Amino acid sequence: MSAHSLATSTITALVVPEVDECAAERAIIRICDDVPDWSLYAWSNPTRVVYGPVSSRRLGMSLGINLFPQGKVCSFRCAYCDLDMAQENEQRARLVPTQQIITRIAADLPRYGVAERHPVDSITFAGNGEPTIHPGFSNVVEVVAQLRDEWLPDTPMNLFTDGMHLVNPAVRAATARFRRVFLKLDGAHEAVVERINGPGAWRGTLRAVAIGRQLPNVAASTALVAGPDAITADVKSRRFVEIIRELRPRELYLYTLDYPSPAVSIAAVDFDTLVEHAEWLARRVDCRVIALWRRHRHPTALHQDTHE
């Protein structure tokens with residue numbers, strides 16, 4: 001099976017349609033044909049609060065909201081992270097006050113609503129780390145929703161999260177503002193998850209699944225990687241299927257690396273491996289399985305091998 005042979009029968013549009021919750025007989029293979037402007041992504045604009053819009057494999061043209069313009073702040077240390085992996089938890093001392101974040105968003109976001117050259121399909125909370133860590137997260141979400149209604153009406157808001165802070169009632173309440181809450185789920189066993197996501201990630205993942213299953217807008221997001229720290233076998237396991245069934249996501253998204261990663265222990269999987277895993281899971285889980293493939297990878301990533 002090749003990307004070329006599937007192209008005529010796959011979804012190439014980037015805007016994500018509404019999908020139902022019934023089991024899929026086959027996975028959806030979404031091939032992104034556009035050539036991204038990599039200079040607009042978070043790693044190229046770490047000090048910006050509003051960045052992009054960038055090409056998103058899930059969401060189309062995504063306008064990013066970054067709550068950490070003074071450095072990465074995250075509860076996980078993912079091997080495939082494209083941001084600075086050397087920062088420790090004490091970097092929380094570098095948090096920008098909520099009002100400063102809001103002021104910068106209020107100044108920047110409206111210009112995307114009046115400039116036709118900036119199509120926006122999603123307003124996405126991602127950026128330099130885990131958005132829900134910021135103590136002003138829920139306040140910022142409300143302000144962005146109000147600005148969205150004024151300047152980008154009908155544009156959905158989406159959140160990428162590791163789920164560690166869903167235990168916070170204010171964070172949980174704020175998730176209702178998002179069309180999708182994309183919950184990281186990178187394995188089914190402690191050893192695998194902690195190799196990929198860092199120490200403590202397994203306990204956090206189990207807690208996130210237990211809370212995330214209560215959210216009507218949750219989707220699972222899994223980075224399928226090969227190499228010495230591969231998770232391919234773990235994703236194609238009975239335990240992974242059980243976790244997905246416990247979470248009850250609207251969709252399960254599988255993707256691989258198409259951007260530079262500093263880790264030498266992981267690599268992108270090839271197209272056939274991505275499709276194989278998506279098809280295997282689609283026959284076993286009770287949600288839609290969507291595999292994401294980008295034809296035009298980051299130039300640096302092109303020099304990294306892909307593996308079966």
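This is a predicted model: local features need pLDDT of at least 70, side-chain atom pairs count only at pLDDT 80 or more; totals for chains, interfaces and linings use all residues.
**Entry 1: Tyr-80.** I looked up which residues Tyr-80 touches, taking contact as heavy atoms within 4.5 Å. Leaving out residues up to four places away in sequence, I found Lys-184, Asp-186, Ile-196, Asn-197, Ala-223, Tyr-255, Leu-257, Tyr-259, Ser-261 and Ile-266.

Residues are numbered from 1 along each chain as its sequence is written, and side-chain values use heavy atoms, with hydrogens and water left out.

**Entry 2: the cores.** I next looked for nonpolar cores, meaning sets of buried Ala, Val, Leu, Ile, Met, Phe, Trp, Tyr and Cys residues joined through side-chain atoms within 4.5 Å. Buried is under 20% relative accessible area, exposed is over 50%, and partly exposed is in between (1.4 Å probe, protein chains only). The largest core has 94 residues, and Tyr-80, Ile-105, Leu-109, Phe-125, Phe-137, Leu-252 and Leu-281 touch the most other members. Helix H10 (residues 271-282) gives the most to this core, with seven residues. Helices (H or I, at least four residues) and strands (E, at least two) are DSSP runs, numbered from the N terminus. Another core, of six residues, lies apart and includes Trp-38, Tyr-41, Ala-42 and Val-54.

**Entry 3: salt bridges.** I searched the whole structure for salt bridges (a side-chain nitrogen of Lys or Arg within 4 Å of a carboxyl oxygen of Asp or Glu). How many did the search find? It finds 11 salt bridges.

Here are some that I looked at:

- Glu-251 pairs with Arg-180, with the closest N and O atoms 2.8 Å apart. Glu-251 lies in strand E9 (residues 251-255) and Arg-180 in strand E6 (residues 180-184), so the pair ties together parts that are 71 residues apart in sequence. Both Glu-251 and Arg-180 are buried.
- Lys-236 forms a salt bridge with Glu-276, the closest N and O atoms being 2.4 Å apart. Lys-236 sits in the loop between helix H8 (232-235) and H9, and Glu-276 in helix H10, 40 residues apart. Lys-236 is partly exposed at 26% relative accessibility, and Glu-276 is partly exposed at 41%.
- Asp-149 bridges to Arg-148, with the closest N and O atoms 2.7 Å apart.
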